[in-house]
Amino acid sequence: MKRLSGWDVLMLASETPNVHQHTLKVAIVDTSGFEGFQGPAGFEGGATFEAFREVFRDRLPVLEPMRYQMVATPWRVHRPIWREGAELDLDYHLQHVRVPPPGGRRQLDALIGEIASTPLDRGRPLWQFYYAEGLSDRRVAVIGKVHHVLADGVASANLMARTVDWPGPESELPQADSGSPEPTTREVLRFAARDHAARLRTLPSAVRDGVVGAYRLQRRARHRLRHPELAGRFDPAPTFLNHKLSPGRTFASASLPLADVKAVSKRLEVTINDLVLTVAAGALRRLLRDHGEAADRPLIASIPTATDTSPDRITGNALATMLVSLPVQVADPMGRLGLIRTSTRIAKEDHQLLGPTLVGRWLEFVPPTITRATFSWMSRREAPNQLFNLIVSNVPGPRERGRIAGAEISEFYSVGPLAAGAALNITVWSYVDQLSVSVLCDDSTLTDTHEVTDAFVDAFAELRQAAGFPGAADIVPAPTG
């Protein structure tokens with residue numbers, strides 16, 4: 001048995017019928033290099049769904065969290081726990097789907113939106129993989145849907161990496177363990193009692209660090225310069241993006257050349273993260289104005305931040321969030337960049353003053369019933385999110401191409417869930433020579449979610465030109481058509 005952290009419980013309790021809490025990872029695979037596979041049952045063949053099942057089955061021994069199953073504690077005396085070594089029904093967990101003709105990017109994105117629209121079955125291990133055929137040029141898409149309670153962005157990326165072959169010496173995979181029996185009521189209660197005692201011992205230090213962190217924040221706020229052009233705390237601007245979510249989801253993707261992004265970042269002497277946020281602000285400015293809104297107030301973005309980036313962590317949530325002002329009211333891209341740098345500097349400073357892990361430590365003491373009731377109420381309200389307008393995430397990804405049984409992964413995309421009252425998530429993920437942009441939205445907000453990716457690409461071209469580069473940046477040719 002394994003315990004859930006405070007962040008894990010938050011991700012579980014915040015899921016409602018219209019606010020799903022799974023993340024998506026999408027790999028576009030060129031199967032022309034598929035080497036075939038000889039499975040333990042004697043299977044041999046080309047790049048087919050059956051071959052994918054055998055390759056995946058062979059990898060299961062190093063994917064331990066894929067066999068975690070949620071177990072409720074008797075009488076709810078404790079938060080749910082993980083049962084390890086659960087049996088898997090691969091007919092449920094591995095799905096065969098087809099991208100509609102003509103098999104281009106938009107058709108694939110539409111399929112990903114459909115997959116994102118349905119919650120995972122809590123009676124099973126909380127993940128599914130979809131093998132999508134029908135793309136042009138002998139390509140397939142492998143779409144992973146993993147519940148946030150099982151793994152955050154870093155952990156799920158590390159987990160997905162174990163399904164892939166990377167350059168370097170090969171190691172022999174361990175043998176799969178047989179399934180373990182479901183724990184008895186006595187074992188669960190004994191585990192719960194020990195965990196309650198261990199958490200109570202950490203309460204005094206959590207209280208002390210919380211008081212110290214709050215004092216530091218308040219003291220720094222009194223001495224900090226005022227910035228009226230930035231959004232105030234707990235005051236997100238009302239927009240058409242902020243309302244009660246519908247259960248359906250739409251997805252859009254695009255790519256930019258990573259070399260161009262790095263060149264602009266270097267010339268402007270800014271981090272890629274600040275550049276991404278500046279481009280996002282430009283895209284949102286255009287989106288608001290295209291939908292008849294004034295774009296005269298800054299928006300607030302929630303920026304997920306990992307507190308444990310270990311490459312060995314393949315499960316759980318080690319998170320913090322920063323709230324950053326996005327100056328969509330500023331027309332000049334260089335002016336937006338200057339304000340972004342100020343806003344991110346303040347957010348990072350507050351993050352350190354409070355303590356990166358403090359929120360997670362405090363979540364250990366919030367009863368799950370309170371969390372469930374709060375998020376259930378929030379998801380039903382016809383009201384915007386009271387903390388932020390949208391989620392924006394920027395994750396550095398692999399610098400070398402991965403392969404699945406010899407077939408090269410040409411593109412990789414990732415996106416997290418939406419939050420109650422905030423209908424947009426923009427996730428940027430670098431992979432080899434690409435900056436991959438993924439956008440998730442609910443299906444009642446935008447007729448075409450590619451409005452956001454198109455605006456993002458145009459906003460980058462605008463910033464690139466303002467940095468002194470001639471011409472417009474080219475979109476990385478989409479292998480999916």
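Analyst: Let us begin with a definition: a residue is buried under 20% relative accessible area, exposed over 50%, and partly exposed in between, using a 1.4 Å probe and protein chains only. The model is predicted: local features need pLDDT of at least 70, side-chain atom pairs count only at pLDDT 80 or more, and totals for chains, interfaces and linings use all residues. Residues are numbered from 1 along each chain as its sequence is written, and side-chain values use heavy atoms, with hydrogens and water left out.

User: Is Arg124 buried, exposed or partly exposed?
Analyst: Arg124 counts as partly exposed, because its relative accessibility is 28%. Arg124 forms a salt bridge with Asp121, and their closest N and O atoms are 3.2 Å apart. A salt bridge here is a side-chain nitrogen of Lys or Arg within 4 Å of a carboxyl oxygen of Asp or Glu. Asp121 has a relative accessible area of 35% and is partly exposed.

User: How many salt bridges does the structure hold?
Analyst: The structure holds 25 salt bridges. One of them joins Arg3 and Glu364, with the closest N and O atoms 2.9 Å apart. This pair links distant parts of the chain, 361 residues apart: Arg3 is in the segment before α1 (6–13), and Glu364 is in the loop between α10 (358–363) and α11 (368–380). Helices (H or I, at least four residues) and strands (E, at least two) are DSSP runs, numbered from the N terminus.

User: Which residues are linked with Arg3 in a network?
Analyst: Arg3, Arg79, Asp195, Arg199 and Glu364 are linked in a network of salt bridges. Within it, Arg3 is partly exposed at 28% relative accessibility, whereas Glu364 is buried at 14%.

User: What about Arg53, which residue does it meet in a salt bridge?
Analyst: The side chain of Arg53 meets that of Asp91, at 3.2 Å from N to O. Arg53 lies in helix α2 (residues 49–59) and Asp91 in helix α3 (residues 90–93), 38 residues apart. Arg53 counts as buried at 17% relative accessibility, while Asp91 counts as exposed at 57%.

User: Changing topic: how many helices and strands are there?
Analyst: The protein has 12 helices and 14 strands. Its radius of gyration is 23 Å, close to the 23 Å that the globule rule gives for 481 residues, so the protein is as compact as a globular protein of that length. That radius is taken over C-alpha atoms, and the rule is 2.2 Å times the number of residues to the power 0.38. Buried residues make up 56% of the 481 residues.

User: And why is strand β7 largely enclosed?
Analyst: Strand β7 (residues 249–257) is largely enclosed by the rest of the structure because 8 of its 9 residues are buried. It is joined by 9 bridges to strand β14 (residues 434–442), and the two run antiparallel; two strands pair if DSSP finds at least two bridges between them. Ser253 stands opposite Ser438 in β14.

User: Where is confidence lowest and highest?
Analyst: Confidence is expressed as pLDDT, the predictor's confidence in each residue, from 0 to 100. Helix α5 (residues 153–161) has the lowest, at a mean of 84, and helix α8 (residues 272–290) the highest, at 98. Over residues 37–44, however, the pLDDT is below 50, and this stretch has 14 contacts in the model beyond near neighbours in sequence. Contact means heavy atoms within 4.5 Å.
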